[in-house]
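I opened my notebook to look up pockets and a core. Here are my entries.

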Amino acid sequence: MPSHVHEIGKVHRIACIPGDGIGVEITEAAIQVLTKLSEVVGGFQFDFTSFDWSSKAYLERGWYMPPDGIEQLKKFDAIYFGAVGWPDVPDHISLWNLILPIRKELNQYVNRRPNRILEGTKSPLEGCKIGDLDWMFIRENSEGEYSGQGGISNESAPHAMATELTVYTRVGTERIMRFAFETARSRPKKHLILCTKSNAMRHGMVFWDRIFYEIAKEYPDVKTEKMLVDAITVRMVLHPKSMDTIVATNLHADILTDLAAALSGSIGIAPSSNLDPTRANPSMFEPIHGSAPDIAGKGIANPVGAFWSAAEMVRWVGEEKGADALMKAVENVTARGVKTKDLGGSENTKGVTEAVCKEIETLFGSS
């Protein structure tokens, strides 16, 4: 009989924010899989603490996070986030009272979003195979179009005016460009595309472009290109193999990565990491699919994006073996056809979750 007795080793303290809709379901699935992973692989454990900072709670008490919410989160090694957003609360209220303050106040200035076709999944692009679509989006996560600067004047008058200010600072732009170049350098193709719209946005995005080329001088081994954001959407569809690492603003990457997820098989499989590369604050990991109110509570949400995000978290806290094990288990399961409906399968959330847990045991239970 295989032994599941391992040295406990490091205990990683994880703050869980299930949030709304299917965020609750996929967070439960991720905790189940992560617990199994630590039991079987050994050498580390997770200590989960859950925070009910949901829209339901907001409607009952009038707030998402308490005043000391950020300080509470700083005590943890990482944050696992499910989803935020519910029809009863305007989206700008939920985002600006929960996830955006976390990203900004914990200095999570990088949003890293990998996209690739997993084993057993299929791209809607004809002839696009595993390996043909393998992208890494580096999204500026602290300023840009989501700076929160602007306002509405004379709101009830016929001459009402609204402004939404896009902010590019040298500090913010330099650090995201440098992270993008380091990422591109670490990947086999060493290829970085600058996403821009500087033909029409003649101040901020010209500044964005200029800093990119300043930083590029430090990375002569990285091939660079500049492309307009609209042209990138065409290239993603027609020539996916020609792309590798892409650096983009907050808004542009937010949109492009939803398209990327769909092209790689389903928005339900795509992960994201909100990183503070200085590691002075905990980083936050979340699937990108959102709260999906239309399927919430039905038990049919695809948990693969949750598991991939969990694997990114496991890797970030230093457990490389555990992260590799989790992704291998996920892909072995999808390769066998154990998938939810959005991927062409017939399983529910529980079925996929249990299959991944069993696969972890199969892969590492005899270690």
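How do the residues of the lining of the second largest pocket divide into nonpolar, polar and charged? I counted six nonpolar, two polar and ten charged. Here Ala, Val, Leu, Ile, Met, Phe, Trp, Tyr, Cys and Pro count as nonpolar, Asp, Glu, Lys and Arg as charged, and the others, Gly among them, as polar.

I noted the ground rules. The model is predicted, so local features need pLDDT of at least 70 and side-chain atom pairs pLDDT 80 or more, while totals for chains, interfaces and linings use all residues. Residues are numbered from 1 along each chain as its sequence is written, and side-chain values use heavy atoms, without hydrogens and water.

Next, I stayed with the second largest pocket. Its space is about 350 Å³. Among its 18 lining residues, Pro114, Met136, Trp308, Glu312 and Arg315 lie nearest the centre. Strands E4 (110–116) and E5 (134–140) each supply at least two lining residues, as do helices H10 (304–316) and H11 (320–335). Helices (H or I, at least four residues) and strands (E, at least two) are DSSP runs, numbered from the N terminus.

A pocket is an open set of points on a 1 Å grid over the protein atoms alone, where a 1.4 Å probe fits, with protein on both sides within 12 Å along at least five of seven lines; lining residues have an atom within 4 Å of a point. Points join across faces, edges and corners, and the volume is the space filled by probe spheres set on them.

Then I checked Leu326. Beyond neighbours within four places in sequence, Leu326 is in contact (heavy atoms within 4.5 Å) with residues including Val33, Leu37, Phe307 and Val356.

Last, I looked up the largest pocket. It holds about 610 Å³ of space. Of its 28 lining residues, Val84, Leu95, Asp254, Ile288 and Gly290 are the closest to its centre. This lining has 14 nonpolar, five polar and nine charged residues.
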